Every structure is written in structure tokens, then in C-alpha cells.
Amino acid sequence: MNLLAIIFVAILANNIVLNQFLGICPYLGVSKRIETSVGMGMAVIFVMTMSAIVTWIVYNFLLEPFGLVYLRTITFILVIAGLVQLVETILKKTNPTLFRALGIYLPLITTNCTILGVALLNVQAGHNIIQTIVYAISVAIGFTIALVIMAGIRERLELANVSSFLRGAAVSLVTAGILSLAFMGFKGMMTL
Amino acid sequence: MDFVAAFVIIGGLGLIFGGLLAYTAQRFAVEEDARVETICDLLPGANCGACGFPGCINFAEKVVKGEAAVDCCVPGGKGVCDNICEVLGVESVASEIKKMAEVYCIGTKDVAYDKFVYHGVPDCKAAMMYGGGFKACKYGCLGLGTCVGICPFDAMHMGANGLPQVDVERCTGCGVCAKACPRGVIRIVNADRTGKVVLCNSKDRGKATRQACEVGCIGCKACVKACPNEAVVVEDNLAYIDSTKCDDCGKCVEACTRDIIKNAVKIALS
């Protein structure tokens, strides 16, 4: 499969948040300010790429040869949780600046469904290792783009004169819906 | 045989990750100074930022490393500074003087005129973006409560007259409100000072002040002449009273044509 097609589809046409509705929790929870949403996005790119590689290795060299494919969900959760914890410990010692920049978001995304979702989707699509890496990075970039756009809109909404019955969570959800509709436009251009 | 393979592989993975985590936890252990946590517990915990660091934990880290002065914590005052010095084993340098915030404006809605009617976001900083604020006086309190919202100690409340009131018992003098006020009408003063104060912030000339407000200081110097102790000075058309010289005789209050000299708010030092 063409790598460019994977990149386009993962970032825009099949955006993980706006079209596949995974990772809605951080999407609404961390999108109050652009600064924090960028931090979250960077942490997701980092963790998603790493976990995709490791889960791909575990799946192809451990689970499949021994006929344990039915255990993939629990195995992936175990692997991702362990991996993130490992990275956090090492990062704290070797690179405190990056550790502080990623901050609370690193442990926060350990149990995020987008991370597990990408690991499972990679397996489902039968990607090879290169495609896996490209797909994981693209999905994470798509997530970051959606998050930053949402944060930009919500920063303006804070100052806007919103009707009292829509204020807060309600108008955020309406905005997310409209944003999702806008991204549906990319679907007509290309699908996998 | 299937379940044996499942058991071995999942269990093995768990063991490997567990072992790796245990190993890295030891190999990459970060030594944290226990004093940081001790000092952080001693601090007020309001994360007000008066010390110049983002939060109490950041100040604690810096003070342990010696990169911050021990008396930086304004809300904590002398008590906290003494405690920090005890933890660090150095001699205390705290000063006894307690600070507090005071609003230098008594221009309520009925005496201070508006230039135009403002219907925007109820926030002083937002209001300042429209022609420098809706009040005719460009030094007076806008009364939209940016200081009330930002006070980390709940010591500011909006009074019925539309001006913020400082709760002297709760105010720690951290200065967050003074920094936030776009008009600079809040000053941090010594909490134990006595005598009279001029509750006006207007540096406009007398005529301009008269047109903007019924109670603004016009810099007429009647108080300067009335004062037997030379405690009053007028700078930039605004009178200031030196609390160290003022003996609370009240002659300036009688002389003031604008009725803006009031008793200083005092709080008993605990």
C-alpha cells in the first residue's frame, strides 16, 4: 500500500478523533488551551509510535506463531502500560526537560483508547513494520491537529457571548460535531 | 496445550516487563531531596506566584538549591520564613512587616462619571481594550472584579458600592491583585501603618479630574498647608501621606475640599 495514501487517510480522511471517534476523552478534556493541547499532542505522537512498534513485534513474533491472536487486546494493554511506565522512569533520569514538558500527559495516555486502537488497527490491516510506524505517526499527527483546532476554537468561545443554555460542555460538543462534519469532507477524496 | 502457551507467553511478558520496571526503577532512580516536600508542606499552598515561581513546589525546589531567597514567600510572612530557615539550618532573615492590599479609589458609580456604556465581557482587562476603559477617569477602579476573581486567598470581594473590598483578615499582601489590575489602582501597603490616607489614584490635572469624578484628588495642596507635620506631599497632581510622619490629627481631613482623605485600614498583628 502506498505510504502517502496511509499518511493522508490517517491524518485527514479517517481522522482518529473526528471520524473514528476514538480518544474523545482527551479531545474534550485537554482542549481548553492551545499550549496544553500541543503538549498532549507531542506525548501522543511519542507514545503511539513506540507502542505501535512494540505491539507489532509482540503480535507477529509471539502471538501469531503460538495461535494466541485472541489474546491480543489484553496483551497490548499489558505491553503499552509497561512500556509507558518504563519510558517515564528512564526519561525522568536521562532527560528531565523533556519529562517536564510531557508532564502529566505521559501517564495520562497510557490507558488511552487511541493508543490501543492504533495497535489493533495495525494488526487488523496487516501492515508491515514500515507501514505500522508511518500509520502510527500519521494518526498521532491527525489527533494533534484535531486537538489544536478544537483548543483554538474553545479559546475564542471563552470570550464569545454564548447563550446561557449552551454555555460550557454543550457548546463544546456542538463545536466538536461541526468540526467532525467538516472533516467528513476529506472522506470523499480518498479512502483506504 | 493452548492454555499452557497462553499462560507462559502472557505470564512471561508480564514477568519481563515487571523485571524491566524493577531494574530501571533502581538503575534510573532520581534522588529527590526530602527537604523539598517538607518545605512545600510548610508553605501556604495557594500557588499565588508572589515569590516569582509558578507554584509552591517550584519555590520549595529552588529554595532548597539555594536559588531563591528564604523570605520570598509573601503570604507566609515571618512564620513560614522561620520554618524554612529551620529546615535548611540557616539563620532567619524575615522582616516583621506584614503587607496588605488597598484599593486607592472611592469613585463609586454615582460620583465617578462614565464616558460610555460598556456591555462587554465583565472583566477589567477586557474593558480596557475599548478606548482605555469606560470610566471618564483613566486612573480609577473599573469595578468589574478582575482582582476579586484572581485573589488566591478569597480576600477580595465586590462591595455593594461597586468597588472591591479587601478582607484585611484574609489578605496576605501577595500582590497578585495589584499585578492583575490594569489600572494599577491597588497598592501593597504595610498592614500596621496608622494615620490618614488619600484614597485616590488620579494623576490628572485638577480640571480634568473635576470633570471625571466628584471625589478625585485635584492636587490643590490644601492638605499640604494644613498638615503641621509636613507629612503630605503632592506629586503629579496627587497627594500622598507619609504614614511615618502622620500623627492622625485630622487637620487634612478638615481641609480637603474633595473629602477623599480617610482613616487607614489597620489590622492587629497576630
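Helices here are DSSP runs of at least four residues, numbered from the N terminus. With that convention, chain A reads α-α-α-α-α-α-α-α-α along its sequence. The coordinates are a predicted model, scored at ipTM 0.75 and pTM 0.58.

**Stop 1: chain A as a whole**

Select chain A and colour by secondary structure. The chain shows 9 helices and 0 strands. Of its 192 residues, 35% count as buried. Among contacts in chain A with a separation of 6 or more, 81% link residues 24 or more positions apart.

**Stop 2: confidence**

Chain A averages 87, and 98% of its residues score at least 70. Within chain A, the lowest confidence belongs to helix H5(A), residues 96-102, with a mean of 75, while H8(A) has the highest, at 93. Where pLDDT is low, predicted coordinates should not be read in detail. For chain B the mean pLDDT is 86, with 97% of the residues at 70 or more.

**Stop 3: H3 and H8 of chain A**

Select residues 34-63 of chain A, which form H3(A), together with residues 129-159 of chain A, which form H8(A). Two packed helices are described by the angle between their axes and the distance between the axes. For this pair the angle is about 165° and the axes are 8 Å apart. An angle over 145 degrees counts as roughly antiparallel, so H3(A) and H8(A) are roughly antiparallel to each other. Their crossing is right-handed. The contact of H3(A) with H8(A) consists of 20 nonpolar, 6 polar and 1 charged residues.

**Stop 4: where chain A touches chain B**

Now show both chains and select the residues in contact between them: 16 from chain A and 15 from chain B. On the side of chain A, the largest share comes from helix H4(A), residues 72-94, with 10 residues. That side of chain A divides into 9 nonpolar, 5 polar and 2 charged residues.

**Stop 5: H4 of chain A against H1 of chain B**

- In H4(A): Thr75(A), Leu78(A), Val79(A), Gly82(A), Gln85(A), Leu86(A), Thr89(A) and Ile90(A).
- In H1(B): Ile10(B), Leu13(B), Gly14(B), Phe17(B), Leu20(B), Leu21(B), Thr24(B) and Ala25(B).

By class, the contact of H4(A) with H1(B) has 10 nonpolar and 6 polar residues, and no charged ones.

Methods
Residues are numbered from 1 along each chain as its sequence is written. Chains are lettered from A and ligands numbered from 1 in the order in which they are written. This is a predicted model: local features need pLDDT of at least 70, side-chain atom pairs count only at pLDDT 80 or more; totals for chains, interfaces and linings use all residues. Two residues are in contact if their C-beta atoms, placed from the backbone, lie within 7 Å. Helices (H or I, at least four residues) and strands (E, at least two) are DSSP runs, numbered from the N terminus. Ala, Val, Leu, Ile, Met, Phe, Trp, Tyr, Cys and Pro count as nonpolar, Asp, Glu, Lys and Arg as charged, and the others, Gly among them, as polar. pLDDT is the predictor's confidence in each residue, from 0 to 100. Axes are lines fitted to C-alpha atoms, for helices over the stretch in contact, and angles run from 0 to 180 degrees between N-to-C directions. Angles under 35 degrees count as roughly parallel, over 145 as roughly antiparallel, 65 to 115 as roughly perpendicular and the rest as oblique. A crossing is left-handed if the near helix is turned anticlockwise from the far one by less than a right angle, and right-handed if clockwise. A residue is buried if 20 or more other C-beta atoms lie within 10 Å of its own, exposed if 12 or fewer, and partly exposed in between; C-beta atoms are placed from the backbone.
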